[in-house]
Amino acid sequence: MACSGQLHVEVELKSLAEKVWETIRDSTKIFPQALSHDYKSIEVLEGDGKAPGSIRLINYAEGSPIVKVSKERIESVDEAEKIYVYSIFDGDLMKYYKTFIANINVIPKGESSLVKWSCEFEKASEEIPDPSVIKEFAVKNLVEIDDYLHTKA
């Protein structure tokens with residue numbers, strides 16, 4: 001039985017790719033405001049919170065099913081292609097996964113956008129399920145950010 005794998009999902013959003021990209025890049029500030037029901041706080045521990053090598057401490061809001069806190073490292077950012085790669089390296093998720101690396105790609109689609117989210121993971125043991133709940137959380141966040149961008153605009 002394989003202890004590693006990948007998950008992929010594509011989400012079509014109404015917002016312009018540039019707006020979605022700016023929001024993802026500024027998620028340290030925007031997510032706790034726009035998605036306060038999911039994020040208590042996002043604190044920059046190293047770097048500026050946007051550049052590769054930056055480390056952020058994420059405190060999730062009450063009701064988060066399995067993860068209350070996580071530390072992530074921004075691995076790479078491609079501004080031209082709108083690709084953001086981060087890894088979770090500490091916190092509750094690491095009880096279940098040895099490695100967890102996620103990739104967000106925002107693709108312009110006329111007046112809207114397509115966001116591709118994927119992750120690669122290695123389970124701590126064979127009994128651990130694939131991180132489908134994390135994928136669902138990512139999709140929910142993207143849809144809610146899209147709604148946020150439309151209501152504040």
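Analyst: Ask away; note that this is a predicted model. A search of the whole structure finds zero disulfides.

User: How do you know that Cys3 is in no disulfide?

Analyst: The nearest cysteine sulfur to that of Cys3 belongs to Cys119 and is 15 Å away. A disulfide needs two cysteine sulfur atoms within 2.5 Å, so Cys3 is in no disulfide. For Cys119 the nearest cysteine sulfur is that of Cys3, at 15 Å, and Cys119 is in no disulfide either.

User: Why is Cys119 called buried, and what is Cys3 called?

Analyst: Buried means a relative accessible area under 20%, and exposed means over 50%. Cys119 has 2%, so it is buried. Cys3 has 23%, which falls in between, so it is called partly exposed.

User: How does the reach of helix 3 compare with the expected value?

Analyst: Helix 3 covers residues 132–152, which is 21 residues. From its first C-alpha to its last it reaches 30 Å, close to the 30 Å expected at 1.5 Å a residue.

User: What makes the buried residues of helix 3 line one face?

Analyst: The buried residues are Ile134, Ala138, Asn141, Leu142, Ile145, Asp146 and Leu149. Seen down the axis of helix 3, they fall within an arc of 135°, so they line one face of the helix. An α-helix has 3.6 residues a turn, so residues three or four places apart point the same way. On the other side of helix 3, Glu136 and Thr151 are exposed.

User: What do the buried residues of helix 3 pack against?

Analyst: Their partners include helix 1 (17–25), helix 2 (27–34) and strand 1 (4–13). Strand 2 (39–46), strand 6 (97–109) and strand 7 (112–123) are also among them.

User: Why does Ile134 count as buried?

Analyst: Ile134 lies in helix 3. Its relative accessibility is 16%, and the limit for buried is under 20%, so Ile134 counts as buried. Leaving out residues up to four places away in sequence, Ile134 touches Leu93, Phe100 and Trp117. Ile134 and Val9 are 125 residues apart in sequence, yet their C-alpha atoms are 11 Å apart in space.

User: Why are helix 1 and helix 2 called roughly perpendicular?

Analyst: Their axes come within 6 Å and cross at roughly 95°. Angles of 65 to 115 degrees count as roughly perpendicular, and helix 1 and helix 2 are therefore given that label. Thr23, Ile24 and Arg25 of helix 1 make the contact with Ser27, Ile30 and Phe31 of helix 2.

User: What angle do helix 2 and helix 3 make, and how far apart are their axes?

Analyst: Helix 2 and helix 3 pack at about 85°, with axes 11 Å apart. That angle makes helix 2 roughly perpendicular to helix 3, by the range of 65 to 115 degrees. In helix 2, Ile30, Phe31, Gln33 and Ala34 meet Asn141, Ile145 and Tyr148 in helix 3.

User: What is the phi of Lys82, and where does Lys82 lie?

Analyst: Lys82 has a positive phi of about 55° although it is not a glycine. Most residues other than glycine have a negative phi. Lys82 lies in the loop between strand 4 (69–78) and strand 5 (83–91).

User: Is Lys82 buried or exposed?

Analyst: Lys82 has a relative accessible area of 11%, under the 20% limit, so it is buried. Leaving aside neighbours within four places in sequence, Lys82 is in contact with Ala17, Glu18, Trp21, Ile104, Asn105 and Val106.

How values were computed. Residues are numbered from 1 along each chain as its sequence is written. This is a predicted model: local features need pLDDT of at least 70, side-chain atom pairs count only at pLDDT 80 or more; totals for chains, interfaces and linings use all residues. Side-chain values use heavy atoms; hydrogens and water are left out. Buried means under 20% relative accessible area, exposed over 50%, partly exposed in between (1.4 Å probe, protein chains only). Helices (H or I, at least four residues) and strands (E, at least two) are DSSP runs, numbered from the N terminus. The expected span of a helix is 1.5 Å times one less than its number of residues. The arc is that of the directions from the helix axis to the C-beta atoms. Contact means heavy atoms within 4.5 Å. Axes are lines fitted to C-alpha atoms, for helices over the stretch in contact, and angles run from 0 to 180 degrees between N-to-C directions. Angles under 35 degrees count as roughly parallel, over 145 as roughly antiparallel, 65 to 115 as roughly perpendicular and the rest as oblique.
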